[in-house]
Amino acid sequence: MMCTAKKCGVRFRPPAIILIYENEIKGKSRQRIMPVRNFSKFSDCTRAAEQLKNNPRHKSYLEQVSLKQLKKLFTFLRGYLWGQSLAETMEQIQRETTIDPEEDLNKLDDKELAKRKSIMDELFEKNQKKKDDPNFVYDIVVEFPQDEQLQSCGWDTESADEF
């Protein structure tokens, strides 16, 4: 079935993921309600999103919906089950998806470090300029202003004399 996903959202009571899509053959907008079963406030959102996306009944409809977006919707649902408001859940998601530059990454466990690295990779890919971009300029030369004279280090001058 050929369909284009337009909007994706979550319904709290009863829990469901709602997809608004357009049927490309008929050109009509339709709504698909995918019930969320066996999901509690202790469930893993990533696993639930993967299971829904790989479900044979919903797979063709969710092809264009990213796993990240589904995980975010399940996080909203889990926050609701914990009794959090939407604002609190959004703040929690914001904290989880941004990186504090002052945070010491050496003190994180392997799972948290991998999570932070994937966030950094996504940010890099998003900001990276590719050859096909309209603002791409090859070989940019930038001169940085120097307010004071550069000081040379002792190890730098000694090693130059040895060669």
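Author: Let's start in helix H3, where Arg95 and Glu91 are four residues apart, so about one helical turn separates them. Helices here are DSSP runs of H or I with at least four residues, strands are runs of E with at least two, and both are numbered from the N terminus. This is a predicted model, where local features need pLDDT of at least 70 and side-chain atom pairs count only at pLDDT 80 or more, while totals for chains, interfaces and linings use all residues. Residues are numbered from 1 along each chain as its sequence is written, and side-chain values use heavy atoms, with hydrogens and water left out.

Reader: OK, and what does Arg95 form with Glu91?

Author: A salt bridge, with the closest N and O atoms 3.2 Å apart. The term means a side-chain nitrogen of Lys or Arg within 4 Å of a carboxyl oxygen of Asp or Glu.

Reader: Is Arg95 buried or exposed?

Author: Arg95 counts as exposed, at 53% relative accessibility. Glu91 counts as partly exposed, at 48%. The cut-offs are under 20% relative accessible area for buried, over 50% for exposed and partly exposed in between, using a 1.4 Å probe and protein chains only.

Reader: How many salt bridges does the count come to?

Author: Five. Another one of them pairs Arg116 with Glu103, with the closest N and O atoms 3.0 Å apart. That pair links distant parts of the chain: Arg116 is in helix H4 and Glu103 is in the loop between H3 and H4, 13 residues apart.

Reader: Switching topic: which residues of H2 are buried?

Author: Leu70, Leu73, Phe74, Thr75, Phe76, Leu77 and Gly79. Their cover includes strand E1 (3–11), strand E2 (16–23), helix H1 (45–54) and helix H3 (86–97). Contact here means heavy atoms within 4.5 Å.

Reader: What about the surface, which residues make the nonpolar patch?

Author: Val137, Ile140, Val142 and Phe144 make a patch of about 450 Å². Patch residues have over 30% relative accessible area and no salt bridge, with like charges joined within 9 Å and nonpolar side chains (Val, Leu, Ile, Met, Phe, Trp, Tyr) within 5 Å. The areas come from the Shrake-Rupley method with a 1.4 Å probe, and for residues only the protein chains shown count as cover.

Reader: Where is Val137?

Author: In the loop between helix H4 (110–127) and helix H5 (154–162). Val137 is exposed, with a relative accessible area of 51%.
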